[in-house]
Structures are given as C-alpha cells and as structure tokens.
Amino acid sequence: MGKEFKELSNEEWSRHYNLSKLNNVIAEINSGNVSVWSRELINITRERERILEIGCGSGASSLWLAKNKRKVTALDYTESSIALAKAVAEKFGDEIEFDAVIADATKPLPFKEKQFDMAFQSGLLEHFSTEEQIELLKNWKKYCERMVSMIPNKASIPYRVGKKIMEENDTWEYGLEIPKHSMAFEFEEAGISVIKEYTIGTEWALKFLPKKHYIRKFFMRIQKDGIDLNDLMQGYLIVTIGKCI
C-alpha cells in the first residue's frame, strides 16, 4: 500500500499563497515569465471577455489575464490567497480590471447567472473525487457560458514518475492530488458539452523529475528529435474546454 495523502487544509494552503509571495508574483507578471497554463489561457480567451477563476491560489493566472485586457474575477476560500491577489492588483491600479472574492467553491457562488463568458480552474478539481467534481461543475456552470478545466494528466509519464518519487521522499507538498486521463465524462455528466481536449506543459512535466533521471533524459532526447510530446498526450495538464448547456 502506498502512503495516503489528504486534501490540504485552509491553513496548509496558506503556506503556499500569502503576502510573502507578493514581489514574486509582481515580477512574474511584469516579466511575462508566467506558467504554461497562464499562457494557454491567453490563447483560449479574448480581450474584454469576463473571466472567473475558481480557486485562484496566488492569483497570478487571473492577474496575467487582467494585464492582457481581460475583465477578471478571482475566487478562493483562503483569505491569504485573496489578500495576496488584491495586493498585487493594487500595484497595477487602473491598468487592469480585476476583482477578488472570498468564497467556498463547493457552495453556490456570489454571482449572477451567466455573469461570465468563461470560468476556469487550474489546480483545484484534482483534489476531489469524480462524484464531487461532477457536482462542482454542475454548480459552476450556472455562472458562465464556457467552462475550462486544467487538471494533472494521468497519462504523463514524467509527471507521474516525478510525483511518485517526491511522495516517497516526503517532498510532495500538495496533499491529495488525483490526475485524470480525461475530464470529458465529468463535463458531460455535469451538462457541459466538450468542445476540445488536449494536453499542455511537457516541459513542466519534466520538472517533476530529478535533472539526471533517465526518464527525463529520454523525453528530452525525444523533444530534441523534433517530436511534440503534447501530440503524444504527455503534457502536464489536460485542458478540457466545454460549452455550458
């Protein structure tokens, strides 16, 4: 039997996202050196669209979208995350259209029906069971026209092996995390019609492995030979885009 992991508490998540990260998040956004999922969100949204992030963490993805002329609301249940996101937003002032709200994503949200063009989560649904994911998606779809999920990819060999190594070495920091091969079933069960599904972040997946690990070297050689690992569904995240019906 492997080691059991539990979902992190509010206090444990606060250790990851708090005001000590302020300068790091500002530098990340100003430099454009943002995460692969933040970059992808620019590709699948348009300027002036109304965007909701559910479970914003540091707020970096939402703030990056706002910096790129999206009208963004970030939601999280931890006060430290919202305090951090608001503090960063203050540094940009009127340059961005941004709001941050404390709310529990497992409950009805404090928004109007179809208030947003798109809602997304990255780093949240993997901490819930399949049944819970379906119920969450059913709740969230009321507030948006399109839904986007970004969840760790169960088919990504570098990510899976790297995660296993960290769990065994007691260096895994994110508690219970359940990767998926696809979110199509959960979307359809929640009444969200899947438009597209694909993977992103092959380089990010490789970061989970030690630099000299043979699997990391193998996949880097494949990339060097010109093979796109996302075409082989080896990216770190499964991106699922759906229309709320």
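In this predicted model, the axes of helix 2 (residues 22–31) and helix 4 (residues 60–67) come within 10 Å. They cross at roughly 40°. The crossing of helix 2 past helix 4 is right-handed.

**Where the two helices touch**
- Helix 2 contributes V25, E28, I29 and N30 to the contact.
- Helix 4 contributes A60, L63, W64 and K67.
- Sorted by class, the contact of helix 2 with helix 4 holds five nonpolar, two charged and one polar residue.

**Nonpolar cores**
- In soluble globular proteins, nonpolar side chains tend to be buried together.
- The largest nonpolar core here has 43 residues.
- Within this core, L63, V88, F98, V148 and M150 touch the most other members.
- Helix 5 (residues 79–92) supplies the largest share of the core, with seven residues.
- V88 is in contact with L22, V25, I26, I29 and L63, leaving aside its neighbours within four places in sequence.
- Another core, of 27 residues, lies apart from the largest one. Among its residues are A105, I134, W140 and I238.

**The whole protein**
- The secondary structure comes to ten helices and seven strands.
- The radius of gyration is 18 Å, close to the 18 Å that the globule rule gives for 245 residues, so the protein is as compact as a globular protein of that length.
- Its C-alpha trace spans about 50 × 40 × 40 Å along the principal axes.
- Of the 245 residues, 53% are buried.
- Take the contacts between residues at least 6 apart in sequence: 78% of these join residues at least 24 apart.

How values were computed:
Residues numbered from 1 in each chain as written. Predicted model: local features only at pLDDT ≥ 70, side-chain atom pairs only at ≥ 80, totals over all residues. Heavy atoms only, no water. Axes fitted to C-alpha atoms, helices over the stretch in contact; angles between N-to-C directions. Helix = DSSP H or I, 4+ residues; strand = E, 2+ residues; numbered from the N terminus. Left-handed = near helix turned anticlockwise from the far one by under 90°. Contact = heavy atoms within 4.5 Å. Nonpolar A, V, L, I, M, F, W, Y, C, P; charged D, E, K, R; others polar. Core = buried A, V, L, I, M, F, W, Y, C linked by side-chain atoms within 4.5 Å. Buried < 20%, exposed > 50% of the residue type's maximum accessible area, 1.4 Å probe, protein only. Rg over C-alpha atoms; globule rule 2.2 N^0.38 Å.
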